[in-house]
2 protein chains.
Amino acid sequence: MGDEKEKKKTQDIMCATYQALSRHGYADLSIQRIADEFDKGKSVIYHHFDDKEDLMLSFLEHLIDEMEEDMHGSSEMAPEEELDDFLDKALCIDDKEMWDLRKALMEMRLQAPYNKRFAERFRKIDEFLLDKLAEILEDNGVENPCETGDMVLSIIEGLTYRKMTTHDLVDLSDARERIKKRIGIE
Amino acid sequence: MGDEKEKKKTQDIMCATYQALSRHGYADLSIQRIADEFDKGKSVIYHHFDDKEDLMLSFLEHLIDEMEEDMHGSSEMAPEEELDDFLDKALCIDDKEMWDLRKALMEMRLQAPYNKRFAERFRKIDEFLLDKLAEILEDNGVENPCETGDMVLSIIEGLTYRKMTTHDLVDLSDARERIKKRIGIE
């Protein structure tokens with residue numbers, strides 16, 4: 001019972017972190033701002049986490065779990081539908097909150113060259129996405145699914161990164177179809 | 001004569017900024033650290049620039065000028081040689097100092113969602129690179145050179161970004177050939 005309660009509390013902290021990151025970005029994030037997003041005080045957070053970095057590392061693990069769960073749910077889709085679903089989510093199509101989170105995650109990723117523990121988590125996320133994407137591409141009959149998946153992931157990251165940092169020079173609205181055309185699925 | 005001297009001084013400050021950025025990254029950059037890279041004191045820098053942001057904006061303009069000059073020099077190459085040259089430079093192949101600068105520029109780019117003046121400069125850099133790349137692709141007989149160039153630029157940014165933030169999960173050594181294969185040049 002105590003364990004269940006603790007689990008619920010950690011879950012609430014993760015939700016609050018998600019909200020606070022989407023709202024403030026990473027650089028301006030503080031434990032106080034996370035506490036503002038839920039009804040318990042800062043002390044509850046400090047009871048579970050040493051500092052902002054410790055909390056962020058757990059948050060990244062939490063994201064990996066969420067992705068795994070989410071992708072598991074999509075495995076009953078038809079192959080092309082599953083690919084569309086993957087690309088839409090990765091490109092944050094029509095999802096403002098997800099887009100804001102992506103922006104914050106991008107900021108966090110740029111700490112990775114100077115923070116080994118962050119780099120390890122982002123490597124794990126990339127490896128997970130690569131495996132999943134290669135599987136989906138194989139189901140869609142794409143040749144060299146691993147190499148193609150690596151390129152598609154780079155296109156997705158490059159497109160979102162360029163869009164975010166050039167005041168929308170890049171248009172993502174037809175990016176999904178452009179990517180599919182490039183890999184021979186039309 | 002006075003103008004020449006001023007120009008030389010600004011040029012020296014730009015060189016020092018390049019060195020300091022490659023060495024310390026963007027977040028840890030300070031006017032002091034830039035001054036450490038050349039033999040004049042901080043006051044010379046403050047005579048020319050209001051603050052770090054003002055200096056960085058000029059540095060980005062300076063980079064654009066350098067790129068233009070550099071690309072102008074490469075326009076006497078054969079088409080495929082020019083493409084190789086573009087891709088090698090963009091991927092910082094065998095250029096440790098350029099790679100460190102790329103890392104710092106990536107940090108700066110992530111300020112762009114919160115800093116309109118940075119975003120404008122990076123947009124200008126992207127537009128310049130896109131124009132140049134489309135021209136090179138057209139010379140190489142690639143179909144839809146603008147759209148293909150946009151994709152190639154995203155692959156380059158995505159690959160370098162992923163490599164930097166995952167402790168080298170991505171291998172860039174054969175990236176040039178993989179990109180050329182993707183766009184039908186082998």
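Analyst: Helices (H or I, at least four residues) and strands (E, at least two) are DSSP runs, numbered from the N terminus. This is a predicted model, where local features need pLDDT of at least 70 and side-chain atom pairs count only at pLDDT 80 or more, while totals for chains, interfaces and linings use all residues. Residues are numbered from 1 along each chain as its sequence is written, chains are lettered from A and ligands numbered from 1 in the order in which they are written, and side-chain values use heavy atoms, leaving out hydrogens and water.

User: OK, what covers the buried residues of α9(B)?
Analyst: The cover includes α8 (145-165) of chain A, plus α5 (79-90) and α8 of chain B.

User: And which residues in α9(B) are buried?
Analyst: Ala175(B), Arg178(B), Ile179(B) and Lys180(B). Buried is under 20% relative accessible area, exposed over 50%, partly exposed in between (1.4 Å probe, protein chains only).

User: What follows α9(B)?
Analyst: Gly184(B), with a positive phi near 85 degrees.

User: How many salt bridges between chain B and chain A?
Analyst: Six, counting a side-chain nitrogen of Lys or Arg within 4 Å of a carboxyl oxygen of Asp or Glu. One of them pairs Arg162(B) with Asp126(A), with the closest N and O atoms 2.8 Å apart.

Terms used
Contact means heavy atoms within 4.5 Å.
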